[in-house]
Amino acid sequence: MGKRMLTLLAVCLITVMAGCSSGSKETTYKIATDAAYAPMEYMDKDKITGFDVDFLEAVMKEAGLKYEIVNTGWDPMLTEVKSGETYAAGVSSISITDERKQSYDYSIPYFESTNMILVKEDSPIAGALDLKDKKVAVQLSTTADSLMAGIMGNDSPLLKRFDSNAIALLELDSGGVDAVVADIAIVREYMKNNPDKKFKGILDPEQFSAEYYGILFPKGSELKAKLDPAIKKVLENGTYTEVYKKWFGEEPNIDNVLNAK
Amino acid sequence: MDFRFDIIWDYGPLLLKGSLLTIGISILAILIGSILGLGVAIGKMSTKWYLNWPMNGYIHFFRGTPLYVQILIVHFGVVPLFMGQTNPIVAAVTALALNSAAYTAEIYRSGIQSIDKGQTEASYSLGMTHRQTMRFVILPQAIKRTIPAFGNEFIVLIKDSSLVALIAAPEIMYWSNAMRGQYIRVWEPYLAAAFIYLILTYSLNKLLSCIERKL
């Protein structure tokens, strides 16, 4: 008994560093997502749905590839895509940033987004710089987090980072913070779901410049070469506009997305 | 405060499915953890250094590091090594069982050491071996004494199993998070989850006190 336990323990410790395995090549690409970000990607009961899901379907159809989308959660998605063994890509409203580019490959941009400030209707806050000495809630490790860290200071005790936007928004609702900063799609969805709550959304294009979402690949991915032309095609042939209208009820600015670099 | 029972109702079947998985994961982890724990406890109490050192280390590691991190290590390190790819349910059972074994080991030890030394000596003088003494004299008494402590450990394990939502094992918390993500609401998913855990732990409590009375 004891010896077996010893071996087990040894195995546990050794594998901490390893995480290696031999992934078999499949024709069906597994794509990871963190389906907790309505309306971009979320679970509708046991079905993964949202804008990104419909967009991915259009792209994979265009590329003629078989795929399966799996809800892995955010951190596992990043780990899985980085190793690239089980999952060939991640689609999850992932903003293209220089820091992430050091560890991953990105597709060409497919979605334009920006961050929006949500405050109580009677709040005097008018822009991002007004938030400097206010209490602000964000979702951890989003671009809203890094933008506000830039404005308020990374170690500011006034910047509260939550595990999810839902909890950040609840904190605002309960008066714990003066504002929430999050992706515009999230803020709008929240306002749509809570019309009776007196909130307003504020855009600040000067401080919060446009950011673009891309599909996340492991470094040196071969799938990227197949998907980039398909994404371009979907953007240009009107399929993208259809999907966009279905989810957001308005026309996308395709030129911005196509010209973004 | 508006509380939307309708979205809990919508997610009812999935929460039920999640509950079944939580029960399955917990039962397996409790069983495996209890068996491993006994081995670890006996190893730790052994006078041979090559048994008690590693078992001591095992207990220190699994009690001294966050379960959160252990789940990630098992999910991304241990399970792929054996199965070639990640598998959240296997990882959940493994991580919870390994973690639980460290705690149950100490419970076994406290039970075993609470039995008077005289009993061991009496057994030896009757010609019983160490193994027989443990099996027929010490352990039956020790286990009965430790049932309340085991009850504690099992209840904690059931609640700790909510952490495996981190690796997307579709148990109760996973579906609560899905509900949270879809409606951007907090109370409905979490209070529903809390209520289910309360039912599970209450039932376990009843079961244990039943066993305690029968023994």
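**View 1. Domain division of chain A in the predicted model.** Two domains make up the division of chain A: domain 1 (26-112 + 213-259) and domain 2 (115-203), with bounds taken from an automatic or database domain assignment. Taken over C-alpha atoms, the centres of domain 1 of chain A and domain 2 of chain A are separated by 26 Å. The model is predicted: local features need pLDDT of at least 70, side-chain atom pairs count only at pLDDT 80 or more, and totals for chains, interfaces and linings use all residues. Residues are numbered from 1 along each chain as its sequence is written, and chains are lettered from A in the order in which they are written.

**View 2. Contact between the domains of chain A.** Domain 1 of chain A contributes eight residues to the contact and domain 2 of chain A six residues, where contact requires C-beta atoms, placed from the backbone, within 7 Å. On the side of domain 1 of chain A that touches domain 2 of chain A, five residues are nonpolar, three polar and none charged. Nonpolar denotes Ala, Val, Leu, Ile, Met, Phe, Trp, Tyr, Cys and Pro; charged denotes Asp, Glu, Lys and Arg; the others, Gly among them, are polar.

**View 3. Interface of chain B with chain A.** Here 34 residues of chain B are in contact with 37 residues of chain A. Two or more residues each come from helix 1 (5-45), helix 2 (49-64), helix 3 (67-83) and helix 8 (172-183) of chain B; helices are DSSP runs (H or I, at least four residues), numbered from the N terminus. Helix 1 of chain B supplies the largest share, seven residues. This side of chain B comprises 20 nonpolar, 11 polar and three charged residues.

Technical notes
Contact = placed C-beta atoms within 7 Å.
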